[in-house]
Amino acid sequence: MEDFSRASSLVLFDEACRAAGLDEQTMLEKAGLPVDILTQPESMISYQRMALLLDDCAQVSGNPLFGLELGLRQGTAVFGQLLYLLKNAHTVGESLAELARYYHLHSSSGTVKVEIHNKLAFLEYTPVLREGIPSRQAIEHGVAVGWQLLKMLLGNNWNPRGLYLQTAAGASTRSYTRLLRTAPQFSSDRNAWVFDAALLEAPLSDADPALHALMQAHIDKLDALAPKELPAFVSQLLRNLLPSGKVSLDYVADYMMLGTRSLQRMLMEEGTSFQALLNETRQAVASRYLKESDISLTQLAALLGYADLATFSKAFQRWFGVSPRQWRQANAAPSDTAKKLARERRRPSWLR
């Protein structure tokens, strides 16, 4: 997938907002991200919108180092399940090599690589941001997470030799040095932490080889399935948007910062289409509510984003071959059927 990141990238975002005097839901909404995304760390979000979110927070709070401080607050927690693999590698070098290899499972809108030059190691992070999207907050967020990762792996041996940043300084050099123990070289050709290459051979004393093998197998399975995550992401997004009625291809593509043709092409490559996912999502939501709740058909039609009950009923008839009322009666738990029928009889005919 293009331009997506795990929502675990926003772990502790609510704490960072409160510390900066911000309301996290207001900021998420302003950036066009679901306000409940913090409770779904394994979900996917638009990395472009995340970059906009960090920039908005910096501007509204008046803190030019918001992204940097957020990354330091979060540390390695942003990596989710991938962290268990990194912590249990044999050496620091192996851990960083696995981060580079599997980073696309965390975010497809950036790369991580490790290089060695003149006995110095470079841990480099390159985000992929579209033209017009501010980059400094996203870059500084990334290098702050890198700082915490190297601190976790090396402990007291973590002593950076330098930090390169592609962007200009957002605050005084002293502010960066206070937070990172290093004075960055700004406007560089890369974003990279620099340290002694010999440290790559340092063993991870708390590593569990058995756990590492299990996680390796698990991550490899995720790697094989990664391209198939796009339909699930679109389905999740549709579930969030259904009550608002904003479930058009144009609206969803705009949210994902994609052209409609690009989104359709990507879905086609995964063997589906936008309309198929919309129908499947509506069917799943409709059947669950009809089976597990007493919601009225009129309310359900609105919840699914239909203009009226008649349009919903016609669609439901196409899906299941029966009306919503007939389906509910056939699939309701036996003990509940009589109660529901009684309630239906008490309702005015125009509400049924």
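# A guided look at a predicted chain

Visitor: Happy to. Is Ala 89 buried or exposed?

Guide: Ala 89 is buried, with a relative accessible area of 0%.

Visitor: Which residues does Ala 89 touch, leaving out those up to four places away in sequence?

Guide: The contacts of Ala 89 are Glu 94, Ser 95, Glu 98, Leu 204, Ala 207 and His 212. For a sense of distance, take Ala 144: its C-alpha lies 22 Å from that of Ala 89, and the two are 55 residues apart in sequence.

Visitor: Let's step back to the whole chain. How many helices and strands does the chain have?

Guide: There are 17 helices and six strands. The C-alpha trace spans about 80 × 45 × 35 Å along its principal axes. Of the 352 residues, 47% are buried. The accessible surface is about 16900 Å², and carbon and sulfur atoms hold 51% of that surface.

Visitor: What share of the contacts with a separation of 6 or more joins residues 24 or more positions apart?

Guide: That share is 69%. As for charges, the chain has 37 positive and 36 negative ones, and their mean positions are 8 Å apart.

Visitor: I would like to read the aromatic rings next. What describes a pair of them?

Guide: Two quantities do: the distance of the centres and the angle of the planes. A search of the whole structure here gives 13 aromatic pairs. One of them, Trp 158 with Phe 195, is edge-to-face, at 5.8 Å centre to centre with 75 degrees between the planes.

Visitor: Why does the pair of Trp 158 and Phe 195 tie together parts that are 37 residues apart in sequence?

Guide: Because Trp 158 lies in the loop between helix 7 and strand 5 (162-164), while Phe 195 belongs to strand 6 (residues 192-196). Trp 158 is buried at a relative accessible area of 1%, and Phe 195 is buried at 0%.

Visitor: And how do Phe 316 and Trp 319 pair?

Guide: Their rings are tilted, with 6.1 Å between centres and 55 degrees between planes. The general idea is that an α-helix has 3.6 residues a turn, so residues three or four places apart point the same way. Phe 316 and Trp 319 are three residues apart in helix 15 (residues 309-320), which means that about one helical turn separates them. Both Phe 316 and Trp 319 are buried.

Visitor: Which residues do ring pairs link into a cluster?

Guide: The cluster consists of Tyr 306, Phe 312, Phe 316, Trp 319, Phe 320 and Trp 327.

Visitor: Last topic: where does Arg 282 lie?

Guide: Arg 282 lies over the face of Tyr 306, at 4.0 Å from the ring centre, and Tyr 306 is one of the cluster residues. Elsewhere, Arg 190 lies over the face of Phe 122, at 4.9 Å from the ring centre.

Definitions and conventions. Residues are numbered from 1 along each chain as its sequence is written. This is a predicted model: local features need pLDDT of at least 70, side-chain atom pairs count only at pLDDT 80 or more; totals for chains, interfaces and linings use all residues. Side-chain values use heavy atoms; hydrogens and water are left out. Helices (H or I, at least four residues) and strands (E, at least two) are DSSP runs, numbered from the N terminus. Buried means under 20% relative accessible area, exposed over 50%, partly exposed in between (1.4 Å probe, protein chains only). Contact means heavy atoms within 4.5 Å. Accessible areas come from the Shrake-Rupley method with a 1.4 Å probe; for residues, only the protein chains shown count as cover. Lys and Arg count as positive and Asp and Glu as negative; His and the chain ends are not counted. The place of a charge is taken as NZ of Lys, CZ of Arg, CG of Asp or CD of Glu. Rings of Phe, Tyr and Trp (its six-membered ring) pair if their centres lie within 6.5 Å; planes under 30 degrees apart count as stacked, over 60 as edge-to-face and the rest as tilted. A charge sits over a ring if NZ of Lys or CZ of Arg is within 6 Å of the ring centre and within 35 degrees of the ring normal.
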